[in-house]
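Reader: I would like to go through this structure slowly, asking at each step what stands behind the words that are used.

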Amino acid sequence: HHYGEDNWKFVNADYGFRPVRPTLDGEPSYENIPHGLHDSLQPRWTAADLRRYGYWSVFAGAAGFTYGENAIMQFYTVSEGAGSFGVNQGWKETITAPGAGQMQYLSKLLLSKPYWERMPDQSLVMNSGDRYDRLAATRGKKYAFIYTYTGRTIQVQMGKIAGMQVKASWYDPRTGNLARLGTFSNTGVKTFDPPGEEQAGNDWVLVLESI
């Protein structure tokens with residue numbers, strides 16, 4: 001889904017069918033392609049945009065995610081002259097594009113917990129938000145992940161996973177680093193404020209784990 005505010009909606013609709021079958025966003029906007037595809041003067045989709053697509057869709061129930069990059073998609077080299085979609089770098093340079101390197105951290109996070117019990121669960125979040133403020137929530141029996149693209153405050157309905165207490169951490173989608181926050185009672189509504197200023201691309205995953 002190329003225009004980035006709501007790809008989770010399509011996954012959510014698919015997840016609602018019975019029996020549930022694997023689904024994924026097979027062609028989000030690719031890194032370094034201009035908005036609108038053909039106007040090279042427009043801003044270009046960035047690594048942050050691709051992270052948003054990935055976490056939104058997988059947390060909504062997708063079985064995976066398709067990463068793409070402009071030059072790699074067409075195996076473009078500068079010596080070829082004109083390419084498509086405003087391409088301005090060769091594929092050998094963009095194979096190390098930031099978004100390409102960061103997709104591994106989404107996979108590592110998901111596979112760090114029991115995968116087959118994981119399900120989307122927006123009831124974890126009291127302030128889901130609209131458009132880029134969307135908070136995407138998923139959980140297993142003893143863990144929960146909540147993604148924010150903008151680093152906005154997350155209001156969590158506790159008690160959705162096992163245990164009297166949970167330990168909380170911030171997971172950085174840019175680096176894969178996990179920073180412990182502390183231990184919290186698993187009752188009521190708790191508010192978590194991500195690091196940094198609230199803005200597009202200041203994305204984080206709140207990780208909750210049963211104790």
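Reader: Which residue is the bridge partner of Ala137 in S5?

Author: In S5, Ala137 has Ile146 as its bridge partner. This is a predicted model, in which local features need pLDDT of at least 70 and side-chain atom pairs count only at pLDDT 80 or more, while totals for chains, interfaces and linings use all residues. Residues are numbered from 1 along each chain as its sequence is written, and side-chain values use heavy atoms, with hydrogens and water left out.

Reader: How do you know that S4 and S5 pair?

Author: Two strands pair if DSSP finds at least two bridges between them, and strand S4 (residues 135–139) and strand S5 (residues 143–148) have 5 bridges, in the antiparallel sense, so they count as paired. The names come from DSSP runs, numbered from the N terminus: helices are H or I with at least four residues, and strands are E with at least two.

Reader: What makes S3 and S8 the edges of the sheet?

Author: The open sheet has 6 strands in the order S3-S4-S5-S10-S7-S8, with antiparallel pairing. Strand S3 (119–120) and strand S8 (178–185) each have a single partner strand, so one side of each is left without a neighbour in the sheet.

Reader: Why is S4 called mostly covered?

Author: A residue is buried if its relative accessible area is under 20%, exposed if over 50%, and partly exposed in between (1.4 Å probe, protein chains only); in S4, 5 of its 5 residues are buried, so the strand is called mostly covered. Leu135, Ala137 and Arg139 point one way, and Ala136 and Thr138 the other way.

Reader: Why are H1 and H2 called roughly parallel?

Author: The axes, which are lines fitted to C-alpha atoms over the stretch in contact, with angles from 0 to 180 degrees between N-to-C directions, come within 8 Å and cross at roughly 20 degrees. Angles under 35 degrees count as roughly parallel, over 145 as roughly antiparallel, 65 to 115 as roughly perpendicular and the rest as oblique, so H1 is roughly parallel to H2. Their contact, meaning heavy atoms within 4.5 Å, is made by Asn7, Trp8 and Val11 of H1 and Tyr53, Trp56 and Ser57 of H2.
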